[in-house]
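Please open the structure in your viewer and keep the selection panel at hand. The tour below moves from one selection to the next and says what is to be found at each stop.

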Amino acid sequence: MYDFIIIGAGCAGLSAAVYGARAGKSVIVFESGNVGGQITSAHMVENYPGIPSISGMEFADTLSNQALSYGAEIRLEEVRKIQDCGSIKEVFTDEGSYRAYAVIIATGLKYRTLGLEREKELTGYGVSYCAVCDGAFYKKNPVAVAGGGNTALSDAVFLSDYCSKVYLIHRRDKFRAEKRLVDMAKARKNIEFIMDSQVIKLNGEKALEDIVVKNNKNSEEKHLGVKGLFIAVGYIPVNEIFEEVGILDNNGYINADETGKTCVPGIFAAGDCRSKSVRQLVTAASDGINAALNVMGIHDTNH
């Protein structure tokens with residue numbers, strides 16, 4: 001029995017754990033993937049207030065160690081279901097079941113795929129969703145990045161330090177990324193922009209050897225001989241297991257207000273999994289803290 005359970009060990013979940021554990025509450029965090037969440041794949045974080053520059057992995061390590069130092073538990077278990085038992089919530093994982101007065105859902109997002117034939121088959125064999133994780137494997141080889149946001153531009157700049165050539169493929173004629181990142185990419189001589197275009201086919205027997213890119217304006221197709229394709233076209237929520245609880249909107253995000261409260265008393269949401277307009281590292285931390293403070297208020301009342 002815990003004061004509260006947190007599902008997801010990203011920035012939102014770990015921030016909630018820090019506040020809860022520091023207040024003396026019994027807190028357990030479940031994570032089925034990487035502790036730290038999506039930020040672990042960021043080469044460098046430069047927009048978190050008070051920290052001029054830090055790698056995503058270092059940020060995640062520091063935050064998780066902080067939560068552990070205050071007494072929070074972190075377990076690598078996948079949550080399968082939440083059951084609302086009134087004033088008590090029961091969480092079922094692939095290892096067992098746990099009970100708490102409240103639950104904070106902070107599952108974040110997962111990588112959006114291109115939906116191409118053989119994309120899943122070639123993942124790990126030339127197709128990747130994490131440049132920081134896999135970029136070094138393609139040293140001195142040509143690669144491509146698909147996307148036009150901050151992640152795609154950051155990936156292209158990062159890869160240009162290792163790879164002989166980086167093709168940056170974007171379906172529109174303008175990038176959505178910050179101007180500073182676009183300027184950095186333009187300054188790299190081995191980055192080539194391919195605008196108004198998208199990847200439509202992946203070729204290669206056992207590993208990626210070639211991609212087909214189609215121009216969206218004139219339908220012209222061309223082959224690019226690359227060893228790696230890094231896909232950075234956004235994220236989608238991973239909230240399917242909470243559908244039965246009745247807290248999801250039409251897009252699969254969790255309906256929760258700025259305090260983290262959902263329509264089910266005792267169930268909160270924080271971070272990118274929540275329906276909101278701004279998804280940044282700092283707002284994830286804010287969400288987690290808001291949820292933790294409100295959870296503690298509810299728990300104290302129930303106690």
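In which hand of crossing, left-handed or right-handed, does helix 1 pass helix 2? The crossing of helix 1 past helix 2 is left-handed, a term used where the near helix is turned anticlockwise from the far one by less than a right angle, right-handed being the clockwise case. Before going further, note that this is a predicted model, in which local features need pLDDT of at least 70 and side-chain atom pairs count only at pLDDT 80 or more, while totals for chains, interfaces and linings use all residues. Residues are numbered from 1 along each chain as its sequence is written, and side-chain values use heavy atoms, with hydrogens and water left out.

Select residues 11-22, which are helix 1, together with residues 56-69, which are helix 2: they pack at an angle of about 30°, and their axes lie 8 Å apart. Helix 1 is therefore roughly parallel to helix 2, the word for angles under 35 degrees. From helix 1, Cys11, Leu14, Ser15, Ala17, Val18 and Ala21 make the contact (heavy atoms within 4.5 Å) with Phe59, Ala60, Leu63, Ser64, Gln66 and Ala67 of helix 2. By class, the residues of this contact between helix 1 and helix 2 are 9 nonpolar, 3 polar and no charged.

Next, select helix 5 (residues 150-160) and helix 6 (residues 179-187), which pack at about 30° with axes 9 Å apart. Helix 5 also passes helix 6 in a left-handed crossing. On the helix 5 side, show Asn150, Leu153, Ser154 and Val157, which meet Leu181, Val182, Met184 and Ala185 in helix 6.

Now turn to the cysteines and select Cys130 and Cys133, which form a disulfide (a pair of cysteine sulfur atoms within 2.5 Å) with their sulfur atoms 2.1 Å apart. The torsion about their S-S bond is about 70°, so the disulfide is right-handed. Cys130 is buried, at a relative accessible area of 7%, whereas Cys133, at 47%, counts as partly exposed; buried means under 20% relative accessible area, exposed over 50%, and partly exposed in between, with a 1.4 Å probe and protein chains only. A search of the whole structure finds 1 disulfide.

Finally, return to Cys11, which is in no disulfide, the nearest cysteine sulfur being that of Cys273, 13 Å away. Cys11 is buried, with a relative accessible area of 9%. Cys263, by contrast, counts as exposed at 59% relative accessibility, and the sulfur of Cys263 is 14 Å from the closest cysteine sulfur, in Cys273, too far for a bond.

Terms used:
Axes are lines fitted to C-alpha atoms, for helices over the stretch in contact, and angles run from 0 to 180 degrees between N-to-C directions. Helices (H or I, at least four residues) and strands (E, at least two) are DSSP runs, numbered from the N terminus. Angles under 35 degrees count as roughly parallel, over 145 as roughly antiparallel, 65 to 115 as roughly perpendicular and the rest as oblique. Ala, Val, Leu, Ile, Met, Phe, Trp, Tyr, Cys and Pro count as nonpolar, Asp, Glu, Lys and Arg as charged, and the others, Gly among them, as polar.
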